[in-house]
Amino acid sequence: MSDPKDQPDLPAEDPKVEAAQESQEETQAPEESTVTEVESELESAEESEETVSSDDTDQDDTDAEEELPDYDELDPQGMVSAFEELLKSGKVASIKPKVEALKKAFNSQFQEAFEQQKEAFLAEGGNIVDFHYSTPEKKAFSTLIFNYKEKLNNHYKNLKKDLQANLDKRLELIEELKGLLAIDENINTTYKHFKDIQDRWREAGPIQRDKYNTVWNTYHHHVENFYDFLHLNREFRDMDFKHNLDQKLKIITRAEELAQETDVSKAFRELQMLHKVWKEELGPVAKQYRDEVWEKFSAATKVIHDKRMAAQQEMEKSYETNYLQKQEVINSIKETTAQVKPTHQAWQQAIKKVQDLRNLFFEIGKVPRAKNQEIWDAFKASTRDFNKHKNDFYKQQKKQQYTNLEKKLELIATAEKYKDSDNFEEATPIMKRIQTEWKQIGHVPRKDSDRIWSEFKAACNHYFERLHNKRNAANKEETEAFEKKKALLDQLSGFKASKDTEKDLASLKTLLEDWKAAGRVPFNKKNIESKFQKSLDQAFGALNMDKMEAEMIKYDAKLESLKSNNDPRKLNNEKIYVSKKIDEVVQEINQLENNLGFFQNSDASNPLFKEVQNNIERHKENLELWRAKLNKLRALD
């Protein structure tokens, strides 16, 4: 057997290659889930795996913390597409973490939808036994899980076959090596045959981990036997020993150089390769050098190990700081979730803030290995909770949008009802009101927004175009009426009474009739009415005629002006005003009549007595006038 110093253990573990046990499932695509299957189907896709290993691949145990995509942000169709891309990558053995994350995210969304549908089904009086729910995305995702399992199983089956084939090849080489001792041939030929076996051994590839040490020790046992055999020909043996010594000294020199390398991880990876070459590709050296070369190599290895240990300890300190920083990020996400206000704008701001926090989380760097899963789970939980609250808000918004849609459809129906109405006095306030209500209702689903707005806008535009056309025509008539009334006002302002009262009265009445016939004037020209009334008062005041008759003629003109305004409110106010004046005059008469009691013993020629009586008569005349005006007003009802 060879000296153990010529076969040193590698400083790091041999890598593990996962291999799946053969699947017992039938090779058919899965059917859609039933209610009894849905709880467990996605979880049943776990592969049962056995561990095998390779003897010729190395693994750096400083592997980086993998940043998995946030599949919770995707909808079910997006997750199906992401799964399809993963399977197209061809790296089925390395996508397991992403597949697990996808399964978890998809299952969470599907389960939520499943519960909602079940709740709605039961609320409508359905029997749970009859409930079934599936989606095209669910079926597609289940099929992809099936395909993934098939590819993974085939990969590991092929890997196991390769490992077994490599094992068989190495066992054959050992048998071939053993047979060299029994071959009767030239020593030069035998030595070349031996070197060929060594070359093929190095190229044979990995084998099962549990077979590795036994096979390697067996191989080196027979290598030692061959060297003992070469003792008969010291020239060949010494030449091989010298070659091995030269190569091992080069390895030692390189290991000592690596001890000065600032990139500790890089130095460690190369050291692993040096150990592999030492162990796999080089044979023994002369006995007197074995302890010396091994001790030098071990010393160089220890320096690198110590530096790596120190670097790892230093990194662990920074990792602890990263851990605390990542906890702060997670707490910030939780606070954002708790404090966001239930508005679209607030949620958009929160989404941007959480995205920035997520980016910061990944920028911070690694955490201690023991806390890696804990901090990752906490981060995923916080973002998942945020997304749930966000989705709940927008689901509620969507429900509200459909409620808003119903309200706006009602307003469209109202607009359609009144858009061709000729009763503009009734329709205009209604059309203005529904426009205000439309603005207050809020958003509707995006797919309906443009369509219903076009319908509503078209109906409103149709109505208000008709209204504006009518008003334009009315404005033209009102402008013409103003010009006529302006001429009549000029005529009235120039009126001078003659001695023929009847003729003057007839002229004023004719002028009044012409004024009435002229029609309404523009609103901003209404002051011409008060000017006309003032001029009319002056004209009648210049006539020698009955005051009552003159007042009623003027009042007829005033009523006509009020009627022309087409404002029932003003007519009603006038009625209230006249009724109030009647009450005031009646009270004044009663008060004056009570005052006459103070003059019971007075002579009728008493000036004060006469004044009171005259006041009573004057108020009675006014009372008659106001009552006549009220009768005129009532006649308009």
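Biologist: How many helices and strands does the protein chain have?
Modeller: This is a predicted model, where local features need pLDDT of at least 70, side-chain atom pairs count only at pLDDT 80 or more, and totals for chains, interfaces and linings use all residues. Residues are numbered from 1 along each chain as its sequence is written, and side-chain values use heavy atoms, with hydrogens and water left out. Helices (H or I, at least four residues) and strands (E, at least two) are DSSP runs, numbered from the N terminus. The protein chain has 17 helices and two strands.

Biologist: What percentage of the residues in the protein chain is buried?
Modeller: Buried means under 20% relative accessible area, with a 1.4 Å probe and protein chains only. Of the 637 residues in the protein chain, the buried share is 37%.

Biologist: Which helix supplies the largest share of the lining of the largest cavity?
Modeller: A cavity is a set of points, on a 1 Å grid over the protein atoms alone, where a 1.4 Å probe fits but cannot get out; lining residues have an atom within 4 Å of a point. The largest cavity is lined by Q198, R202, Y219, H220, V223, E280, E281, L282 and G283. Helices α4 (187–202), α5 (209–230) and α7 (264–281) each supply at least two of the lining residues. The largest share, three residues, belongs to α5.

Biologist: Is N166 buried or exposed?
Modeller: N166 sits in helix α3. Leaving out residues up to four places away in sequence, N166 touches A204, G205, P206 and I207, where contact means heavy atoms within 4.5 Å. Its relative accessible area is 13%, so N166 is buried.

Biologist: Which residue has its backbone oxygen 2.7 Å from a polar atom of the N166 side chain?
Modeller: Among the residues that N166 touches are G205 and P206. The backbone oxygen at 2.7 Å belongs to P206.

How values were computed: On a 1 Å grid over the protein atoms alone, a cavity is a set of points where a 1.4 Å probe fits but cannot get out, and a pocket is an open set with protein on both sides within 12 Å along at least five of seven lines; lining residues have an atom within 4 Å of a point. Buried means under 20% relative accessible area, exposed over 50%, partly exposed in between (1.4 Å probe, protein chains only). A polar contact is a pair of N or O atoms within 3.5 Å; within protein, one must be able to donate a hydrogen and the other to accept it, and residues adjacent in sequence count only if both atoms are side-chain atoms.
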